[in-house]
Amino acid sequence: MLELGGGAKAAGKSEYVKDVTEANFMAEVIEKSQTVPVIVDFWAPWCGPCKQLGPALEAEVEAAKGAVVMAKVNVDENQMIAGQMRVQSIPTVYAFWQGQPIDGFQGALPPSEIKSFVAKLIEASGGETGNGLGDAVEAAEAMLAEGAAEDAAETFAAILEEDGELAEAHGGLIRARIALDQLDAAGAALAAVPPKLSDSAPVEAARAQLDLAKQAQSAGPLDDLKSKVEANPDDHQARFDYAQALYAAGNAEEAVDQLLELFRRDREWDNEAAKTQLFTIFDALKPNDPVVAKGRRRLSSMIFA
């Protein structure tokens, strides 16, 4: 049940801020977020804190001039969406990128934190960070992509000595440790991330990769699991384990297919384990990976259909 309290002015006529309803949520949020990050503001006309947060968010979005857009959802008129997004109080804000909520918060925030929230979202979607160490981060990422994980780890560590609050470097160091199969060291690097960066997109992606790397250590034999699923398509645990083993074997696309099938058959199974695992895989892969884009679209169509 929604515990709603607060209120905001209706969205004005703007290129970047729009009122969104259940009828156009898919188009204005899920589909639009494939190309530009979308901030979704859940509000109601009678909500006091919303009157503070809404205009401040709108101002930052307008200032970004298209680098991010905003969808305002009146929960009184669109309770189905609010329920699907598990909105428990308002104001609640979600940030969508490529079909998936990647950040969010509840309640009003001071202007500095609103500005940071919007900037982080733009950065996560490929915007400029404005940090002088950007070239060094790119060089370290290139090393990692080329298989020089040890060199990448050393470079990321050196960057963090210069700027310990650079989320991209923290995420890169964790991923480099994973590539070296140093999962304990990767866990230590994750634990060293400053709390205010723990929910940043680069750190979330690295955390997801670490979770999946740990799962891979206990993944079962592919053929055995495949046989179990074929023998009993309603064996949800076998299908989940099969998806886990597929990902561990490097077949992310088929792993996503199996999890989507599990979600289709029983979305509530094991406390929505299929959806949770899908989000973990989406977080771990690159945002522009075709597997991510296709998987998110299919999942969104199931959720919001």
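Student: Which residues is Val229 in contact with, leaving aside its neighbours within four places in sequence?

Tutor: They are Ala238, Arg239, Tyr242 and Gln258; contact means heavy atoms within 4.5 Å. This is a predicted model, where local features need pLDDT of at least 70, side-chain atom pairs count only at pLDDT 80 or more, and totals for chains, interfaces and linings use all residues. Residues are numbered from 1 along each chain as its sequence is written, and side-chain values use heavy atoms, leaving out hydrogens and water.

Student: How far apart are Val229 and Arg239 in sequence and in space?

Tutor: They are 10 residues apart in sequence, and their C-alpha atoms are 5.7 Å apart.

Student: Why does Val229 count as buried?

Tutor: Buried means under 20% relative accessible area, exposed over 50%, and partly exposed in between (1.4 Å probe, protein chains only). Val229 has 7% relative accessibility, so it counts as buried. Across the protein, buried residues make up 46% of the 305 residues.

Student: What is the mean pLDDT of the protein?

Tutor: The mean is 87, and 93% of the residues reach 70 or more; pLDDT is the predictor's confidence in each residue, from 0 to 100. Over residues 1-13, though, the pLDDT is below 50.
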